[in-house]
Amino acid sequence: MVKKVAIIGAGISGLASIRSCLEEGLEPTCFEKGEDIGGLWKFSDHAEEGRASIYRSVFTNSSKEMTCFPDFPFPDDFPNFMHNSKLQEYITAFAKEKNLLRYIQLKTLVSSVSKRPDFSVTGQWDVTTEKDGKKESAVFDAVMICSGHHVYPNLPKESFPGLQLFKGKCLHSWDYKEPGIFKGKRVLVIGLGNSGCDIASELSHTAEQVIVSSRSGSWVMSRVWHGGYPWDMMFITRFETFLKNNLPTVISDWCTLRKEPVFNDELPARILCGTVTVKPNVKEFTETSAIFEDGTVFEAIDCVIFATGYSYAYPFLDDSIIKSRDNEVTLFKGIFPPPLEKPTMAVIGLVQSLGAVIPTTDLQSRWAVQVIKGTCTLPSVKDMMNDIDEKMGKKLKWFGKSDTIQTDYIVYMDELASFIGAKPNIPWLFLTDPKLALEVYFGPCSSYQFRLVGPGKWPGARNAILTQWDRILKPTTTRIVGSPLKPCLFCSWFRPVLISVLSIAAFLVLF
């Protein structure tokens with residue numbers, strides 16, 4: 001019998017999961033609480049409880065060639081970094097092209113997911129849904145949770161003494177939509193992540209004064225990299241990953257990023273112009289002001305915006321299934337709960353990396369479906385927990401905390417791809433197709449690479465890789481000034497490596 005799979009959420013992860021189920025002959029049913037697909041990227045002018053929320057001015061931080069589904073490139077004329085409305089347009093086009101809409105039940109809330117009494121034998125789940133005030137229950141052979149991790153705002157009020165005394169307005173970035181209502185106001189933004197930087201920069205054009213408070217600081221990067229190319233097309237490469245993971249730590253830490261950076265093209269200029277001021281962590285609040293750890297005070301505050309991230313929760317599910325140890329989300333490869341007697345539940349889209357979300361969720365869902373189908377098997381519970389512990393140790397070293405959902409993009413993608421036979425064989429490519437091999441190894445690690453071989457192989461993947469720079473250049477080539485120049489794939493990393501080698505040589509000679 002065909003296995004029935006319940007998919008919770010019709011955002012990017014949900015669409016990837018539907019498509020993967022169909023590719024492997026499974027029967028998906030997707031439940032979406034909202035009125036449309038798109039999840040996080042479906043903008044609404046008001047925040048709705050239980051759903052992700054973005055502000056009107058959100059743009060992507062990943063370029064279109066690195067963001068797309070691996071067999072569905074963006075149109076040539078789409079900008080390299082897209083406004084949320086443009087990405088939503090693409091998501092809708094993908095769903096229609098792949099005929100996914102027929103498998104989605106909109107305005108349907110999943111209220112409960114529980115093991116059936118014979119779960120240890122069948123691996124089946126009881127799924128209860130609500131629509132128009134009516135409840136329905138159905139049995140599914142597997143469940144794929146695709147509800148994302150930008151739904152439940154993290155508002156750490158207990159970390160800010162005196163906040164209960166503050167008489168101004170407090171809100172989370174989840175509630176923020178546009179700057180108009182803050183005209184002439186004095187605003188404190190807490191948090192220097194992507195949302196905090198975006199909101200502070202935007203408010204600085206209308207508010208009387210904007211201060212950003214940061215506990216530990218952030219690396220702020222521009223979307224525009226050397227030569228005017230998108231940062232990720234130049235930075236996220238297999239060669240860069242090789243250097244980062246094989247050079248001595250003192251060198252790799254100097255020329256690569258360990259902590260997740262913030263992408264904002266405007267913030268540095270706003271700081272230099274004095275319209276945004278950066279302060280350390282807030283020590284305490286009074287009725288009208290904030291006192292920072294350096295002793296300075298921000299007086300007469302009208303509003304505090306907490307850009308303090310999100311917590312992830314699954315209210316329809318027993319916590320013990322996902323949080324199997326010390327109340328932490330404990331998932332093998334960020335997808336499978338190790339203790340389950342049968343591997344019939346997968347969490348898609350929870351991990352986070354420098355890479356784009358769409359390729360990650362596409363590969364996650366492809367592997368998850370293979371496991372659900374039975375063509376791939378998981379290691380023992382002991383081995384899975386040991387792998388989780390090992391990864392947590394690396395995260396502590398790389399990112400400064402072990403419970404982060406941050407991960408190394410290419411290493412992670414290659415791990416998943418190897419499970420299903422979709423990892424490119426680089427040495428073999430150099431022998432059989434050197435032109436493609438050079439682009440795959442030294443060029444951007446775009447999603448097409450993971451549809452070159454294996455299940456779901458796409459015949460157009462090779463051509464898509466070889467023409468990806470053409471699609472990057474197209475929207476900026478608005479007048480003829482000669483042939484558009486493509487970047488030297490090796491040169492961007494040759495300089496820092498050469499400087500590192502010369503520095504070490506000079507050190508050895510002098511000391």
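Me: Which residues does V329 touch, not counting residues up to four places away in sequence?
Reply: The model is a predicted one. V329 is placed in the loop between α10 and β20. Not counting residues up to four places away in sequence, the residues V329 touches are Y312, I322, K323 and L350.

Me: Is V329 buried or exposed?
Reply: A residue counts as buried under 20% relative accessible area. The relative accessible area of V329 is 19%, so this residue is buried.

Me: What distance separates the C-alpha atoms of V329 and A313?
Reply: These two residues lie 16 residues apart along the chain. Between the C-alpha atoms of V329 and A313 the separation is 9.4 Å.

Me: With which residues is T344 in contact, leaving aside its neighbours within four places in sequence?
Reply: T344 sits in the loop between α10 (319-322) and β20 (345-347). With a relative accessible area of 9%, T344 is buried. Leaving aside its neighbours within four places in sequence, T344 has as its contacts F119, G123, W125, D141, A142 and V143.

Me: How many helices and strands are there in the protein chain?
Reply: The protein chain has 511 residues, of which 51% count as buried. Of the contacts with a separation of 6 or more, 68% are accounted for by residues 24 or more positions apart. As for secondary structure, the protein chain contains 18 helices and 22 strands.

Me: Which residues touch the most other members of the largest nonpolar core?
Reply: In soluble globular proteins, nonpolar side chains tend to be buried together. Here the largest nonpolar core holds 104 residues. Those that touch the most other members of this core are Y90 and M144.

Me: What is the relative accessible area of Y90?
Reply: Y90 is found in helix α3. Leaving aside its neighbours within four places in sequence, Y90 is in contact with C68, F69, F72, P73, F74, F78 and I358. Y90 and G38, 52 residues apart in sequence, are 9.7 Å apart from C-alpha to C-alpha. Y90 is buried, and its relative accessible area is 2%.

Me: With which residues is N84 in contact, leaving aside its neighbours within four places in sequence?
Reply: N84 belongs to helix α3 (residues 84-97). At 3% relative accessibility, N84 counts as buried. Leaving aside its neighbours within four places in sequence, N84 is in contact with W41, F43, I54, Y55, R56, S57 and V58.

Me: How far apart are the end C-alpha atoms of helix α11?
Reply: Helix α11 covers residues 357-373, 17 residues that should span 24 Å at 1.5 Å a residue. The model agrees with this expectation, because the end C-alpha atoms of α11 are separated by 24 Å.

Me: How many of the 17 residues of α11 are buried?
Reply: Helix α11 is largely enclosed by the rest of the structure, because most of its residues are buried. Just after α11, G374 takes a positive phi of about 100 degrees. The number of buried residues in α11 is 15 of the 17.

Me: What is the phi of K107?
Reply: K107 lies in the loop between β3 (104-105) and β4 (109-115). At 47% relative accessibility, K107 counts as partly exposed. Although K107 is not a glycine, its phi is positive, at about 55 degrees.

Me: Where is A300 placed?
Reply: At 40% relative accessibility, A300 counts as partly exposed. Its phi is positive, near 50 degrees, in a residue other than glycine. A300 is placed in the loop between β17 (297-298) and β18 (303-306).

Me: What volume does the second largest cavity have?
Reply: The count of cavities of 30 Å³ or more comes to five. The volume of the second largest cavity is about 60 Å³.

Definitions and conventions:
Residues numbered from 1 in each chain as written. Predicted model: local features only at pLDDT ≥ 70, side-chain atom pairs only at ≥ 80, totals over all residues. Heavy atoms only, no water. Core = buried A, V, L, I, M, F, W, Y, C linked by side-chain atoms within 4.5 Å. Buried < 20%, exposed > 50% of the residue type's maximum accessible area, 1.4 Å probe, protein only. 1 Å grid on protein atoms, 1.4 Å probe; cavity = no way out; pocket = protein on both sides within 12 Å on 5 of 7 lines; lining within 4 Å. Points joined across faces, edges and corners; volume = space filled by probe spheres on them. Helix = DSSP H or I, 4+ residues; strand = E, 2+ residues; numbered from the N terminus. Contact = heavy atoms within 4.5 Å. Expected span 1.5 Å × (residues − 1).
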